[in-house]
Amino acid sequence: MKIAIACGGTGGHIFPGLATADILRARGHAVTLWLGGKDIEKKALAGWDGATVTIEARGWPARPGPECLAAFLVNIKAFGRALCRMRASPPAALLAMGGYASLAPVMAARALSVPVVLHEANVNPGNANLFLSRFAQVFALGFEETRGRLSHRKMIYTGIPLRRPAAEEGGAWNALKPGVFTILVTGGSRGARSLNEIAARAVISLHRAGNELQVIHLAGSESESAIRQAYLEAGVAHAVFAFLHGMASAFNRASFVICRAGGSTCAELAQFGLPALLVPYPHAAANHQLFNARALEAAGAADVIEENDCSAGRLADYIRGMMSDSGRLDKMRAAARKRADRDAAGALADAVIEAAEMRGRDR
């Protein structure tokens, strides 16, 4: 059967959508990805050979003003285009991964009586998903902690599907040595300039103080060159990337992770059993990354420092303490593994097929 997956916007939406698309295609279904027109989508979709529909969408501004009207007009236009495309080739069901890029496809599906499965990848549901939940037959949760934060007639826990494995990229890995404490720094699919700079300064200061460590740093395209140059000049062993498809290569080498707290990142930390320091993105909608981070902190799998409190000096002191406390690292690894979802993509695919089949029986 035909399945549509709305997963545009950010890596946190795209990668779980792709993982679920792979499962559905393996089961013989035809999958079309619906995207929102962002640059990150092109990078994230490398290797995808299936159908795509790109309809420009825009997030709603945090403050009232002229940009609200502009966003409203863009999204009204997006709804019209989505309705035309979906009417021409209606899917048996729509899986929406959330965010503003899901608005138009979900509304079009609603108008055409196409069943919707809506996935929330954060503890605290975003405004888009809170609005769209009324149109969904199923609300799938990435965190169990989301229960109680909204009301829906059918909520199921699936976990967060993880990005598919990819081939190892480039020869930068050759600079790293086995058996050396390895810090992985990542700011998410778009990078994070402030976190990049703070973490790099902390790592360099530890290296200069005689601590044996090396770093894998996913810096984003804007900061990649500067971060690589900083490590080169300081003599820190490093592997720096703007963006990495083969995240397993980084996770398998990491001893400890310093990162944001997007839903997919939290799920990957659990899957690979990695202890982490989470520095939530402070401008995330509804501060959702802080809620994600606190969930891992409460489970004993991670520590949390908010960005306003995260200086290079404090971070260096923290890392030094973690390097010397193997017992604590082991406890955090064990706590992380307890949160791992073994087949989130399969569970989400099951929910989509069930929704499509129920619609077929109701006709």
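Two strands are taken to pair if DSSP finds at least two bridges between them, and helices (H or I, at least four residues) and strands (E, at least two) are DSSP runs numbered from the N terminus. The model is predicted, so that local features need pLDDT of at least 70 and side-chain atom pairs count only at pLDDT 80 or more, whereas totals for chains, interfaces and linings use all residues. Residues are numbered from 1 along each chain as its sequence is written, and side-chain values use heavy atoms, with hydrogens and water left out.

Strand β1 (residues 2-6) runs parallel to strand β2 (residues 30-35), to which five bridges join it, and I3 is placed opposite V31 of β2.

Across the whole structure, 13 salt bridges are found (a side-chain nitrogen of Lys or Arg within 4 Å of a carboxyl oxygen of Asp or Glu). One of them joins K154 and E354, with the closest N and O atoms 3.4 Å apart; because K154 lies in the loop between β6 (138-141) and β7 (155-157) and E354 in helix α13 (residues 344-362), the pair ties together parts 200 residues apart in sequence.
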